[in-house]
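Subject: Structure handover

Hello,

Here is the structure I said I would pass on. My notes on the domains and on one helix pair follow below it.

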Amino acid sequence: MSPVATRASGLAVSPIRRMAVGAPDGTVSLGLGEPGWPVPLVARQALAAAGAAEGALPYGPNTSSPELVAAVRDQHAAAHGIPGLSTEQVMVTSGSQAALFALFCAHVEAGSTVLVPDPGFVSYRSLAHLCQARAVGYRLGEGGALDAWQVETALEAHSDVSLVVLNHPANPTGGMASAAALARVAEACARRGVLLVSDEVYRELWVGERPPGLHDTAGVDAGVVLGSVSKAFGAPGLRVGWAVGAAELLAPARVVHNAMTTAPARPSQEAATALLRAADEVLAEARGHVRARWALLARVAPHLLPPDTSGGGRAGFYLWLPLPDGVPPEETTDFALRVRDTSRVTTVPGDAFGPAGAGWLRVSLGGPLEELDEGLARLAPWWKA
Ligand SMILES: Cc1ncc(COP(=O)(O)O)c(C=O)c1O
């Protein structure tokens, strides 16, 4: 058998998927981080129209359809209050995951350091590993909020940082970033000439008011912002995402994305265009779905509700839950498995997201409401009311 290349060895299956393996029959999943509400009608109509069209189904442009690129530009410009955005500042990809892959491959030198949130989305560490770079975690503040001082300190401590990733509202903590923290981090990265990637795929799922983003705080040249139809637009299966930023930063990443997959599937591009063109209604509805989920939690398990400590209220659909009193952080995975096997409900052990996640569980509230209701009923008794 041919040996596994160094860059790929040591990469494991996602811990989220791993929790599902061996789960007893009838287990309810509060593990997967995806919306469980119906895909918006405009997307279904666009998919049906694409399926009904006769004739060839060509590849289309490597940069994706001009209509989709323009729709991303317009939506991003409106959401960030930055008119005058050009299509060269937009890269459409096969999910924001592929945008991350392309940006890492294009900008992370082997042997360099990548600063990632700890706890943070698992792919950041995997991608650093694939680029043969070193992922160094920076700690988050109260409630998972971005703590600019932590990033500044990590930048000071490592002279070889090639890329800094921010994620807000965050997976897994739900933490936010204040405009002041974003401005400080942008300034520190600019001073050092380090690429800043701001993963904002959950941003439009706010409850209360829209949280600040990197571009509306510090301008388009402050870094690359990621978006996606997977979360707020309710369509993860389309596999359409994007990166917006300076054209010269995106250009090499585009070449990587083309080498990997050219562009998302044409019917997906058409459905994504329809979703973006109907953004006002689609996003308002999505926020309704998110509010309903937090309201359900408040009704059936109020003792699990986190305090609003991260500033600007709540966004996204993750509940970041400390282990019950008396369960030590070293037992995070054991506890998650015990809950799964005894009560038939899956969560994700927090240390899957980095060492600072030990002692916590990530509970996804994104799934269908009936499943969430049942899952919370099974989970809640493990904590004292
Ligand atoms: C923080 C974050 N970024 C990016 C992604 C990737 O999303 P997609 O490739 O579906 O756009 C996810 C998916 O869970 C995520 O949680």
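The contact between the two domains comes first: 33 residues of domain 1 touch 36 residues of domain 2. Please keep in mind that this is a predicted model. As for where the domains run, domain 1 is made of two stretches, 15–39 and 280–382, while domain 2 covers 43–278. Their C-alpha centres are 24 Å apart.

Between domain 1 and domain 2, about 2900 Å² of area is buried. Carbon and sulfur atoms give 64% of that area. On the domain 1 side, V39, R287 and F353 supply 21% of what this domain buries against domain 2, more than any other three residues.

The other item is a pair of helices, α6 (residues 148–157) and α7 (residues 179–192). Their axes come within 9 Å and cross at roughly 15 degrees. Angles under 35 degrees count as roughly parallel, and α6 and α7 are therefore roughly parallel to each other. The crossing of α6 past α7 is right-handed.

Which residues make the contact between α6 and α7? From α6 they are A148, W149, V151, E152, L155 and E156. From α7 they are A181, R184, V185, A188, C189 and R192. By type, the residues of this contact comprise eight nonpolar and four charged, with no polar ones.

Regards

Methods:
Residues are numbered from 1 along each chain as its sequence is written. This is a predicted model: local features need pLDDT of at least 70, side-chain atom pairs count only at pLDDT 80 or more; totals for chains, interfaces and linings use all residues. Side-chain values use heavy atoms; hydrogens and water are left out. Axes are lines fitted to C-alpha atoms, for helices over the stretch in contact, and angles run from 0 to 180 degrees between N-to-C directions. Helices (H or I, at least four residues) and strands (E, at least two) are DSSP runs, numbered from the N terminus. Angles under 35 degrees count as roughly parallel, over 145 as roughly antiparallel, 65 to 115 as roughly perpendicular and the rest as oblique. A crossing is left-handed if the near helix is turned anticlockwise from the far one by less than a right angle, and right-handed if clockwise. Contact means heavy atoms within 4.5 Å. Ala, Val, Leu, Ile, Met, Phe, Trp, Tyr, Cys and Pro count as nonpolar, Asp, Glu, Lys and Arg as charged, and the others, Gly among them, as polar. Domain bounds come from an automatic or database domain assignment. Buried area is the accessible area (1.4 Å probe) that two parts lose on being put together, summed over both.
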